[in-house]
Amino acid sequence: MTSRWPVRRPTEHAALRAVDRRPRTLPEIPALMAALIVANRAADRHGANLAAHRVVRVAEGVTE
């Protein structure tokens, strides 16, 4: 077995570029509202914030 050093790994910049190439679809509003309710019941502020922002994006028709 031949070992090569350093092992090449993708950088964060390359990973972000790869993600930007694919259009992502957002879930439907009922699924996002359910996630918002679950996050609120679990006292997860970050999750509730993310779900609320995604609900607004879907309602406005904005894609990521």
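Predicted model: local features only at pLDDT ≥ 70, side-chain atom pairs only at ≥ 80, totals over all residues.
Residues are numbered from 1 along each chain as its sequence is written, and side-chain values use heavy atoms, with hydrogens and water left out.

**The overall fold**
- You'll find three helices and zero strands here (DSSP runs numbered from the N terminus: H or I of at least four residues for helices, E of at least two for strands).
- Along the sequence, that reads as α-α-α.

**Helix 2**
- Its buried residues are Leu32, Leu36 and Ala39.
- Looking down the axis of helix 2, these buried residues fall within an arc of 65° (taken from the directions from the helix axis to the C-beta atoms), so they line one face.
- Turned away from that buried side are the exposed residues Pro30, Val38 and Arg41.
- Helix 3 (45-60) is part of what covers the buried residues of helix 2.
- Just after helix 2 comes Ala43, with a positive phi of about 60°.

**A look at Ile29**
- Ile29 sits in helix 2 (residues 29-41).
- Ile29 is partly exposed, with a relative accessible area of 33%.
- Leaving aside neighbours within four places in sequence, Ile29 is in contact (heavy atoms within 4.5 Å) with Val58 and Ala59.
- Ile29 and Val55 are 26 residues apart along the chain, and their C-alpha atoms are separated by 6.0 Å.

Key
Buried < 20%, exposed > 50% of the residue type's maximum accessible area, 1.4 Å probe, protein only.
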